[in-house]
Amino acid sequence: MTAYGKAKLILFDLDGTLYLDGVPYPGARELLQRLKESDMEYGFLTNNSSIPPCDYCEKLRRIGFPVEPRNVVTSGDGALVMLKAHGLMGKRLYILGTERFRGWMASEGFPHCDDVEAAQALLVAFDKEVDYAKLTAVTRLVLRGVPVYATHPDVLCPPGIPDVGMFLEFFRAARPGFVVQAIAGKPHRWLCHVLQERFQVQPGEMVMVGDRVSTDLAFACNNGMRSLLVRNGEPMPLLGNCTPTAVVPHIRQMLDEFWPRNLGW
């Protein structure tokens, strides 16, 4: 059984938890302001790797959320740790991703290699700019058997946009027996490494707040964190083996009834 400590870091999923289609839910801004004034840290945790963390920071500021660069953690941050751990620093990496994401990866020491014959590994990110030439290039890499890594496992990005998981299924169709070497985002462990290093807290001191069972709750379950499932008016999802520590009918109720200290956390 997990030994929980005093809650020190509150992690929020974004779309569906704090806002919907860029519009904050009632109480979301007030909740974050209260956290800013408390002794608890907070972070925004997203699997979306179509833009770098700095762009997410600006996006959140525009909708009125108090945020500094350290508060934003994306699957891209997890990918950096994952790729280094797998010995890919300095290797020739083909990145299926947007130009913004490729540029950010280059600034972090992982430049995109456009030469398909020379590439030694493939990183699959959320690429809204994908075209037939890119699909052909990555298919050739998969058929050649280069190691494949992914920023996150989501099949769809709301409201029905093909995401990384769909590309991975495409590769399985192209090469039976295809295996992904590692995946960085929720619910996998690499983001937990980023959080522990950045905020200097242990998983038992973190609280994951989100609306998705397969990513948010599973991330908490897999890494020994408390979790709050936020419904925001949606029906109760099937939980499977991921039971949240508490269920919050609406995010505004975290201001009082589900404030971590009021729960004894």
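Is Gly210 buried or exposed? At 0% relative accessibility, Gly210 counts as buried, since the cut-off for buried is under 20%. The legends below describe close-up views of a predicted model.

Gly210 lies in β12, which spans residues 206-210. Setting aside neighbours within four places in sequence, Gly210 has contacts with Asp13, Thr17, Asp216, Leu228, Leu229 and Val230. Arg231 is 21 residues away from Gly210 along the chain, and the C-alpha atoms of these two residues are 8.5 Å apart.

**View B. The buried side of helix α2.**
Helix α2 is formed by residues 53-62, and its residues Pro53, Tyr56, Cys57 and Leu60 are buried. These four cover an arc of only 105° around the axis, which puts them on the same side of α2. An α-helix has 3.6 residues a turn, so residues three or four places apart point the same way. The strands against which the buried residues of α2 pack are β2 (19-20), β4 (41-46) and β5 (72-74); the helices are α3 (75-85) and α4 (99-107). Just after α2 comes Gly64, with a positive phi of about 90°.

**View C. Packing of helix α3 with helix α7.**
Helix α7 comprises residues 190-199, and α3 packs with α7 at an angle of about 100°, the axes being 8 Å apart. The two helices α3 and α7 are therefore roughly perpendicular to each other. On the α3 side the contact is made by Ser75, Asp77, Gly78, Val81, Met82 and Ala85. On the α7 side it is made by Trp190, Leu191, His193, Val194 and Arg198. Sorted by class, the contact of α3 with α7 has six nonpolar residues, three polar and two charged.

Strand β7 consists of residues 121-124 and is joined to β6 in the parallel sense over four bridges. Ile95 stands opposite Leu123 of β7.

Key: Residues are numbered from 1 along each chain as its sequence is written. This is a predicted model: local features need pLDDT of at least 70, side-chain atom pairs count only at pLDDT 80 or more; totals for chains, interfaces and linings use all residues. Side-chain values use heavy atoms; hydrogens and water are left out. Buried means under 20% relative accessible area, exposed over 50%, partly exposed in between (1.4 Å probe, protein chains only). The arc is that of the directions from the helix axis to the C-beta atoms. Contact means heavy atoms within 4.5 Å. Axes are lines fitted to C-alpha atoms, for helices over the stretch in contact, and angles run from 0 to 180 degrees between N-to-C directions. Angles under 35 degrees count as roughly parallel, over 145 as roughly antiparallel, 65 to 115 as roughly perpendicular and the rest as oblique. Ala, Val, Leu, Ile, Met, Phe, Trp, Tyr, Cys and Pro count as nonpolar, Asp, Glu, Lys and Arg as charged, and the others, Gly among them, as polar. Two strands pair if DSSP finds at least two bridges between them.
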